[in-house]
Amino acid sequence: MNYCPKCGAPTHNMNFCTKCGFELRKTPAREECDTGSQICHDDTRSMRAAIVKENHEYYLPIFESIDRNEGSRWSWCGFLFAPLWLAYRKLYLWSAVAIAAPMLLLLFMEFSMGSSVSDGNGIFIFVRVFVFLTAVLFGKMSNMLYKKYVDKLISAMPEDTGEAKLYIDRKGGTSGLSLVLAGAACGAAIALLVFVYTCVE
């Protein structure tokens, strides 16, 4: 089974996508895969579209630009909302890193360096600078991290069509629940910052 490179819907070996009407031009790799019941692992673009799902028309050109070694486009979502965006796109580990890193740094500095650093709010200035630099890093790297995640899913795709469909539904797309949970985790992290700041003063 192939997937529409425009909307990500299954194409069922047809010449046009039944969901969006996109004309599907066959390539030799696709024709080879059309004869069996396996997912076509050679059709990278359609597989990426199937995994990304929402807003894939934005991400596919970015992925292809990275493939051509032209660099990754700046991500404002990664810069401004890294923990939320990463969780929404199911990059859970990176979302946890984005949330936990500033908190762990703050706690480490507070309990290892003591009041000599805390006096004058020096520790909090350092943490703010660290958070900003981390945001810049995620702004630059988020699309590349997402591409690596998508390509990793493709490489682990089951050969059976039914299993592949379940795999894509489970691993691909977005997660509104994860977005909510990441937002709650960010709120808890901010509350911890406020608590530590109050205790220091």
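Me: Where is the place of Arg 48 in this structure?
Reply: Helices are DSSP runs of H or I with at least four residues, strands are runs of E with at least two, and both are numbered from the N terminus. Arg 48 sits in helix α2. The model is predicted: local features need pLDDT of at least 70, side-chain atom pairs count only at pLDDT 80 or more, and totals for chains, interfaces and linings use all residues. Residues are numbered from 1 along each chain as its sequence is written, and side-chain values use heavy atoms, with hydrogens and water left out.

Me: How many helices and how many strands does the chain have?
Reply: The chain has nine helices and zero strands. Along the sequence the pattern reads α-α-α-α-α-α-α-α-α.

Me: Is Arg 48 buried or exposed?
Reply: A residue is buried under 20% relative accessible area, exposed over 50% and partly exposed in between, using a 1.4 Å probe and protein chains only. With a relative accessibility of 5%, Arg 48 counts as buried. Across the chain of 201 residues, 41% are buried.

Me: How many residues of helix α2 are buried?
Reply: Helix α2 covers residues 44–52, and seven of its nine residues are buried. They are Ser 46, Met 47, Arg 48, Ala 49, Ala 50, Ile 51 and Val 52. Just after α2, Lys 53 has a positive phi of about 60°.

Me: Which residues is Arg 48 in contact with, leaving aside its neighbours within four places in sequence?
Reply: Contact means heavy atoms within 4.5 Å. With those neighbours left aside, Arg 48 is in contact with Leu 60, Phe 63, Glu 64, Asp 67, Lys 147, Val 150, Asp 151 and Ile 154. For the chain, take the contacts between residues at least 6 apart in sequence: 65% of them join residues at least 24 apart.

Me: Which residue forms a salt bridge with Arg 48, the closest N and O atoms being 2.9 Å apart?
Reply: A salt bridge is a side-chain nitrogen of Lys or Arg within 4 Å of a carboxyl oxygen of Asp or Glu. At that distance, the partner of Arg 48 is Asp 151. Asp 151 and Lys 147 are separated by about one helical turn because they are four residues apart in helix α7. Lys 147 is buried, at 11% relative accessible area. Through salt bridges with shared partners, Arg 48, Asp 67, Lys 147 and Asp 151 form one network.

Me: How many salt bridges does a search of the whole structure find?
Reply: The search finds eight. One of the pairs is Glu 64 and Arg 45, whose closest N and O atoms are 2.2 Å apart. Glu 64 lies in helix α3 (residues 56–67) and Arg 45 in helix α2, so this bridge ties together parts that are 19 residues apart in sequence. Both ends are partly exposed: Glu 64 at 24% relative accessibility, and Arg 45 at 35%.

Me: Which residues of the largest nonpolar core touch the most other members?
Reply: In soluble globular proteins, nonpolar side chains tend to be buried together. A nonpolar core is a set of buried Ala, Val, Leu, Ile, Met, Phe, Trp, Tyr and Cys residues joined through side-chain atoms within 4.5 Å. The largest one here has 24 residues, and Ile 51, Phe 63, Leu 86, Tyr 146, Val 150 and Met 157 touch the most other members. At least two residues of this core come from each of α2, α3, α4, α7 and α8 (161–171). The most, seven residues, come from α7.

Me: How much space lies in the largest pocket?
Reply: Rolling a probe the size of a water molecule over the atoms shows where empty space is left. On a 1 Å grid over the protein atoms alone, a pocket is an open set of points where a 1.4 Å probe fits, with protein on both sides within 12 Å along at least five of seven lines; lining residues have an atom within 4 Å of a point. The largest pocket holds about 500 Å³. It is lined by 22 residues, of which Pro 83, Ala 98, Pro 102, Met 103 and Val 131 are the closest to its centre. α7 gives the most to this lining, with seven residues.

Note on methods
Points joined across faces, edges and corners; volume = space filled by probe spheres on them.
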